[in-house]
Amino acid sequence: MSFVDFLEKKLSGPMAKISEQRHLRAIRDGVISALPFIIVGSFFLILAFPPVPKDWALALWAKKHIFEILIPYRLTMFIMTLYISFGLGYNLAKSYKLDPLSGGQLSVAALLLTITPQLVKGQFMLPMTNLGGHGLFVAMLVSIVSVEILRFCKTKRITIKMPEQVPSSVSRSFEALIPVAIVILLMSLVTVVFGVDLHHVVEQVVSPFVKAGDSIFGVLVPVILIVFFWSFGIHGDSVVGPVARPLWEVYLAKNAEVAATGSQNLPYTAPETFFQWFIWIGGSGATLGLVLAMIFFSRSKYLKAVGRTGVIPGIFNINEPIVFGAPIVLNPLLIIPFVITPIVTTILSYVATTTGLVSATYIMPPWTLPAPIGAYLATGGDWRAVVLVVINIAISFVIYFPFFKIYDHKMAKMEQSEQADSGTTLSM
Amino acid sequence: MMKVLFVCSGGMSSAIVVSALKKEAEKQGMEMEVLATGTGELENEVDNGWDAIMVAPQVRHRLDSVKKIADEASIPCGPIPPQAYTPLGGPLLLQKLKELLNM
């Protein structure tokens with residue numbers, strides 16, 4: 001067995017399989033289901049703090065109406081955990097072939113029951129903070145527990161059975177009664193009777209991870225893992241994402257919360273948007289530099305053709321045509337820059353962000369925007385982010401170029417000899 | 001008319017390969033409808049009368065779960081080889097599709 005086979009069979013393959021674990025998959029799909037609300041909600045932050053000089057009419061208008069402008073943000077991205085919890089419960093129940101709607105609703109009930117309503121001026125108010133990034137880990141925990149209770153009741157047949165004449169929709173609502181009762185009693189016991197603030201408890205547990213994930217190593221580890229998987233042609237983000245994305249969403253949510261107060265001192269460097277706009281320019285492995293080299297400097301006809309078909313998708317951060325076409329997959333010559341480039345640009349971008357040369361990201365533009373535009377929007381309109389993107393593209397080009405040249409030379413030679421071969425056959 | 005479903009992570013990248021297969025099929029005079037979808041949407045899409053399901057190489061770790069869904073709907077399902085997963089991979093892709101369908 002060659003070394004590459006060994007890595008594929010013993011390491012990348014099994015690791016990729018782990019990411020397909022049922023609960024991880026439900027977390028992944030739950031978070032993804034909330035992304036449209038996070039993306040759209042986050043754009044109201046740009047509207048609230050338009051990237052124009054402070055004395056412009058638009059800026060003055062926004063400043064005056066900031067509370068109203070941010071209402072759509074407050075009811076979407078700011079309480080993203082509420083949306084995610086429904087999506088998580090829905091998807092987990094679906095994977096067990098249980099009623100997805102019950103799973104989603106049960107998860108939301110369990111999450112809400114971790115929060116105590118407050119009586120303010122004779123009206124009940126629900127504090128929203130824990131429905132946002134702060135509450136995400138609790139939501140993951142209680143959503144999974146509730147759906148497991150639903151499943152337990154179903155498999156052990158702990159349900160109220162209705163006679164067959166009863167319409168199925170009616171009997172289904174009775175079927176959910178016992179699991180709903182168990183979940184509500186359990187959560188009330190924890191939150192109301194014992195007075196345990198689950199959010200506080202879970203925060204103690206996860207805070208070391210939250211801190212570590214935002215350190216330079218916490219940023220480099222997912223970067224290296226993602227390119228490692230892609231080197232075997234496995235979708236790295238879809239393997240690393242389920243584990244890392246909850247952390248990334250927490251960073252984004254907390255940055256957005258601070259940005260919504262008008263402060264520039266954002267607490268976190270590494271939301272997913274950091275990776276998306278500063279590192280994965282042109283797709284995983286920062287391949288835009290390679291694409292440029294292929295278009296302008298290929299002597300090999302094949303590489304030029306692949307470069308041409310890859311440039312438009314590459315501008316929109318889709319690089320499968322290059323990854324499989326060049327190919328980078330299982331091609332040591334191109335894997336080396338494919339791994340080195342994002343490591344270098346990650347370190348540079350991390351330093352640039354933590355030292356305040358470039359603003360941290362807190363807005364989530366759709367990932368298929370061209371990188372300079374995406375980086376500009378993600379930082380709430382920081383032109384220095386665009387400069388960083390251009391520098392990172394240049395770095396990508398410089399690192400890929402020598403490896404590309406060697407590979408191109410090899411390919412061009414092969415094409416020539418093939419041509420010569422077919423030439424002789426023709427003349428014969 | 002043959003209907004082929006491509007499955008990748010989000011349905012974005014396989015959309016590029018879709019046109020490669022369509023072009024090659026046209027060359028060989030086959031009428032073909034090809035759609036790219038993500039693994040998340042597969043279950044909603046699977047019952048729309050597909051003749052074959054092909055799984056993109058970068059999500060081959062999900063091949064088993066896709067196959068299970070395809071088997072339940074009794075649709076032939078196979079992986080797309082990495083070399084075929086490029087805009088220039090049409091001929092190989094069509095060949096693999098024919099092998100999958102025993103054509």
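Colleague: In which helix is the place of Arg151(A)?

Modeller: This is a predicted model, and in it Arg151(A) sits in helix H8 of chain A, residues 136-155.

Colleague: How exposed is Arg151(A), and how do I read the value?

Modeller: Relative accessible area is read against two cut-offs, with buried under 20% and exposed over 50%. Arg151(A) has 31%, so it is partly exposed.

Colleague: Which residues does Arg151(A) touch, leaving aside those up to four places away in sequence?

Modeller: Arg151(A) touches Tyr96(A) and Leu98(A). Leu98(A) is 53 residues from Arg151(A) in sequence, yet their C-alpha atoms are 7.2 Å apart in space.

Colleague: What is the lining of the second largest pocket by class?

Modeller: The lining has 18 nonpolar, 12 polar and 4 charged residues.

Colleague: Which helices of chain A each supply at least two residues of that lining?

Modeller: They are H3 (57-64), H18 (332-354) and H20 (383-427). H3(A) gives the most, with 4 residues.

Colleague: Where does the second largest pocket lie relative to the domains of chain A?

Modeller: The second largest pocket lies between domain 1 (23-199) and domain 2 (217-427), because both domains give residues to its lining.

Technical notes
Residues are numbered from 1 along each chain as its sequence is written. Chains are lettered from A and ligands numbered from 1 in the order in which they are written. This is a predicted model: local features need pLDDT of at least 70, side-chain atom pairs count only at pLDDT 80 or more; totals for chains, interfaces and linings use all residues. Side-chain values use heavy atoms; hydrogens and water are left out. Ala, Val, Leu, Ile, Met, Phe, Trp, Tyr, Cys and Pro count as nonpolar, Asp, Glu, Lys and Arg as charged, and the others, Gly among them, as polar. Domain bounds come from an automatic or database domain assignment. Buried means under 20% relative accessible area, exposed over 50%, partly exposed in between (1.4 Å probe, protein chains only). Contact means heavy atoms within 4.5 Å.
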